[in-house]
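Reader: I am new to this structure and would like to understand the words used to describe it. Could you take me through them with care?

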Amino acid sequence: MALDSRPRAGHHTNETGIKGFIRRHPLVAFFTLANLMSWVAWSPYVLSNNGLGVWDFDFPAVLGTTQFAGVLPGAYLGPIFAAYVVTRVADGREGVRRWVGRMTKWRVGRLWYLGTALGVPALIIVTGLALSGENIHMPPVAALVAYVPGLLLQMVTTGLAEEPGWRDFALPRMQRRFGPLGATAILGPLWGVWHLPLFLSEWGGWPDVTWTRIGEFVAFATVFSVVVTWVFNRTGQSLPLIMVLHVSVNNFMSIVYSDMFPSLGTPEHASHVTLLAGTTAAVLVLIATRGRLGYRPAEEPAPERTAELTPELTPELTPELTPGLAAQR
């Protein structure tokens, strides 16, 4: 069945079948597809010797981890692919163009790059200092050398696999419907829940994982989403900045955290530290923005209206002509 090249206001509400459902309920379709496709793709990894051990198979290690072979395919098949499919069906080629436009919106103030790369790791360091009684160690040179390459690698793996779905596709639609705070309160837990099957594998520390750690992970995804939403809105919806913000946490925790805080190096302690740091950042952002999280409704016209407007009247829909916002608080 050929896909429409552009959305048609008032037309798709009468369509039936899968295509009609997607057009009427794009968010439901996205979250369903993202979870279903990722979870199915992760099943072999979870059932293998790298997880529950039901299937007598070991996934190969690449760069010292089995996650490239076991986790990454399902990550790519979930949020980013689901977002493309739903956008193509619901909004046509024009919707895909806007979606890709946010993914390539690099032109933002330099301070945003510095802040997103170092801000949350700095807060994690401060939190670790407080919880460890200032027992901090300088990470080895090898860890420092690997830090930037690790950040770039995380950008094209974790960041690219997830954020085109969660923030690029879902967040703008959810903010129009629920407002910035309501959208974040819904999206954050859904983002955390998407990871749940991985806690039955090496990714989540199986078989030593506890319900407390799982709960703290979902809680961190929720509070950290407050910061992510604010950065997304204040940078003119720049997805590269969101990817840097996301993976800066992953990169810091996987490369230098345990060396800096050996007394807090267990997964349980690390979970406490990241949750406390994320909560502190979320509270500061909520206070500073009075809960508005930098949201400007006029910048996000509904997809079905966009096709009816001329480019001259909607410069915000032409990312290649619109530079990102300067760094502001």
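Predicted model: local features only at pLDDT ≥ 70, side-chain atom pairs only at ≥ 80, totals over all residues.

Reader: Why are helix H4 and helix H6 called oblique to each other?

Author: The axes of H4 (residues 72-103) and H6 (residues 141-194) come within 7 Å and cross at roughly 60°; roughly perpendicular would begin at 65 degrees and roughly parallel would need an angle under 35, and the pair therefore counts as oblique. The crossing is left-handed, and the residues of this contact divide into 18 nonpolar, three polar and five charged.

Reader: What makes the pairing of Arg98 with Glu94 a salt bridge?

Author: The closest N and O atoms of Arg98 and Glu94 are 3.8 Å apart, and because the cut-off is within 4 Å, the pair qualifies. Arg98 and Glu94 are four residues apart in helix H4, which means about one helical turn separates them. Arg97 also meets Glu94 in a salt bridge, at 3.0 Å from N to O.

Reader: How do you know whether Arg97 and Arg98 are buried or partly exposed?

Author: Buried means under 20% relative accessible area, so Arg98, at 11%, is buried, whereas Arg97, at 32%, is partly exposed.

Reader: What makes Glu163 and Arg167 count as buried?

Author: Glu163 has a relative accessible area of 0%, as does Arg167, and because the limit is under 20%, both count as buried. Glu163 and Arg167 form a salt bridge too, with the closest N and O atoms 2.8 Å apart.

Methods:
Residues numbered from 1 in each chain as written. Heavy atoms only, no water. Axes fitted to C-alpha atoms, helices over the stretch in contact; angles between N-to-C directions. Helix = DSSP H or I, 4+ residues; strand = E, 2+ residues; numbered from the N terminus. Parallel < 35°, antiparallel > 145°, perpendicular 65-115°, else oblique. Left-handed = near helix turned anticlockwise from the far one by under 90°. Nonpolar A, V, L, I, M, F, W, Y, C, P; charged D, E, K, R; others polar. Salt bridge = Lys/Arg side-chain N within 4 Å of Asp/Glu carboxyl O. Buried < 20%, exposed > 50% of the residue type's maximum accessible area, 1.4 Å probe, protein only.
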